Amino acid sequence: MSDQPRRPRMSGKPYRRPKKDPVRILAFEALRAVDERDAYANLVLPPLLRKAREKEGPETFDTRDAALATELVYGTLRRQGTYDAVLSACVDRPLREVDPPVLDVLSLGAHQLLGTRIPTHAAVSATVELARVVLGDGRAKFVNAVLRKVAQHDLDGWLERVAPPYDADPEDHLAVVHSHPRWVVSALWDSLGGGRAGIEDLLRADNERPEVTLVARPGRATAEELLEEDAALPGHWSPYAVRLTEGGEPGAVAAVRDGRAGVQDEGSQLVALALAGAPLDGPDRRWLDGCAGPGGKAALLGALAAQRGALLVASEKQTHRAGLVAKALEGNPGPYQVIAADGTRPAWRPGSFDRVLVDVPCTGLGALRRRPEARWRRRPEDLEGFAPLQRGLLRTALESVRVGGVVGYATCSPHLAETRAVVADVLKQHPDTELLDARPLLPGVPDLGEGPDVQLWPHLHGTDAMYLALIRRTG
């Protein structure tokens with residue numbers, strides 16, 4: 001007799017090792033990082049893509065694979081609310097009782113079925129294979145059963161079933177159809193001033209993939225130079241903006257690698273340009289960026305200040321972010337200084353500056369195109385946490401500017417509690433100020449409202465929803 005142990009007799013189909021799909025495994029790992037570590041997809045995804053290219057090789061993991069992985073991650077995050085409503089109708093228990101890794105796999109499958117052109121059979125089979133690899137055979141059977149239910153209808157068919165009628169509950173209808181939390185829908189609607197068409201256009205724009213926009217830093221690069229790159233188009237509004245179309249990679253642009261240009265949304269550029277162009281009474285020698293991290297606006301302001309022989313002081317409370325500001329300003333053609341300081345406890349004397357910008361910390365509801373996971377993390381109570389800081393930073397900015405100088409209050413949120421309410425409250429305490437009309441300082445930009453402040457919108461301007469109020473100190 002042989003000394004080798006007998007192999008147990010298998011019943012049913014022979015075991016098959018699950019096939020590993022590097023694209024979907026990467027997408028799953030990115031979603032887990034977003035969920036477990038509160039990471040941001042735009043920070044998690046690039047290193048995962050580099051790791052995949054190094055591990056699999058450029059022939060096995062090419063640019064099409066990277067594009068699919070990116071679409072799976074961002075598309076799943078953007079449409080999470082809609083997919084949760086669909087999955088709830090296909091699972092026999094509340095979604096909160098489904099293990100988060102299983103729910104991530106289900107969401108990836110739902111996006112492939114309802115949000116891409118991947119054929120139904122391929123979407124189901126590829127997601128079930130992913131489940132076998134990352135979850136095991138037992139839970140893969142659960143994933144298979146749920147996704148087969150999802151595949152019974154297309155997205156429009158599911159929305160008819162899971163979204164309440166608009167006439168019965170407009171906000172909840174929009175929340176499910178356009179995948180935003182109900183409270184965010186309500187806040188954005190208030191900021192827009194009513195009307196169904198406008199809010200639907202905005203919510204739809206929040207779910208579109210934004211273009212990558214570059215800024216040519218004056219005195220160091222020109223938009224014409226950047227336009228020589230492949231897949232480059234002029235910006236819509238800023239003379240320094242260049243848009244990279246599908247496939248454009250910022251890291252491949254020499255001026256970006258050299259720091260002569262950077263990645264910066266056009267709304268952010270317009271805020272800096274408006275402050276730089278605001279009329280002053282008196283000298284124009286010292287500028288302050290009071291919330292400078294991570295340094296995009298500071299780099300543009302520094303370059304604009306250099307053209308006039310002015311000094312830019314860039315202040316950032318967090319030391320590591322101050323380091324990013326210093327890196328962004330490195331090579332600036334004019335004088336500048338980067339300091340790590342608390343903007344509400346200034347390290348400078350009152351009235352020291354001619355121009356001051358405070359782009360205050362906020363909920364980030366104006367950048368949901370770029371950070372789709374933020375819509376699911378934020379809560380209404382977050383507004384109360386930001387309110388004292390926003391008011392404190394604006395008060396300090398008004399004290400830091402000299403009489404005749406100008407302060408720009410900016411925020412990447414259109415929520416009225418973070419925009420007009422802050423400005424109104426602080427200006428009540430500062431009768432020696434006046435609001436300037438910011439609209440003429442954004443020449444050519446349409447749909448800027450009644451003023452004097454400005455609210456930009458993704459669906460109207462193709463920018464993040466940046467807010468700007470310009471305030472002159474009069475006494």
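This is a conversation about how some residues in a predicted model are described.

Mentor: Residues are numbered from 1 along each chain as its sequence is written.

Trainee: Why is C291 called buried?

Mentor: Buried means under 20% relative accessible area, exposed means over 50%, and partly exposed lies in between, with a 1.4 Å probe and protein chains only. C291 has a relative accessible area of 14%, and therefore counts as buried. A292 has 3% relative accessibility, so A292 is buried as well.

Trainee: What makes S315 a contact of C291?

Mentor: Contact means heavy atoms within 4.5 Å, and C291 touches residues including S315, E316 and D359, not counting residues up to four places away in sequence. UniProt, in an unreviewed entry, places the feature "binding site" at positions among them C291, A292, E316 and D359; such annotations may be inferred rather than shown by experiment, feature names are shortened, and the positions are in the numbering used here.

Trainee: How do you know that R78 has no salt bridge?

Mentor: A salt bridge is a side-chain nitrogen of Lys or Arg within 4 Å of a carboxyl oxygen of Asp or Glu, where Lys and Arg count as positive and Asp and Glu as negative, His and the chain ends not being counted. For the buried R78, the nearest side chain of opposite charge is E71, 5.2 Å away, so R78 has no salt bridge.

Trainee: What makes a polar contact between R78 and R369?

Mentor: A polar contact is a pair of N or O atoms within 3.5 Å; within protein, one must be able to donate a hydrogen and the other to accept it, and residues adjacent in sequence count only if both atoms are side-chain atoms. The backbone oxygen of R369 lies 3.1 Å from a polar atom of the R78 side chain, so the pair falls within that limit.

Trainee: Why is Q269 called buried, and which side chain makes a polar contact with the side chain of Q269?

Mentor: Q269 has 0% relative accessibility and therefore counts as buried. The side chain of S238 makes the polar contact, at 2.8 Å, and the backbone oxygen of Q264 lies 3.0 Å from a polar atom of the Q269 side chain.

Methods: Predicted model: local features only at pLDDT ≥ 70, side-chain atom pairs only at ≥ 80, totals over all residues. Heavy atoms only, no water.
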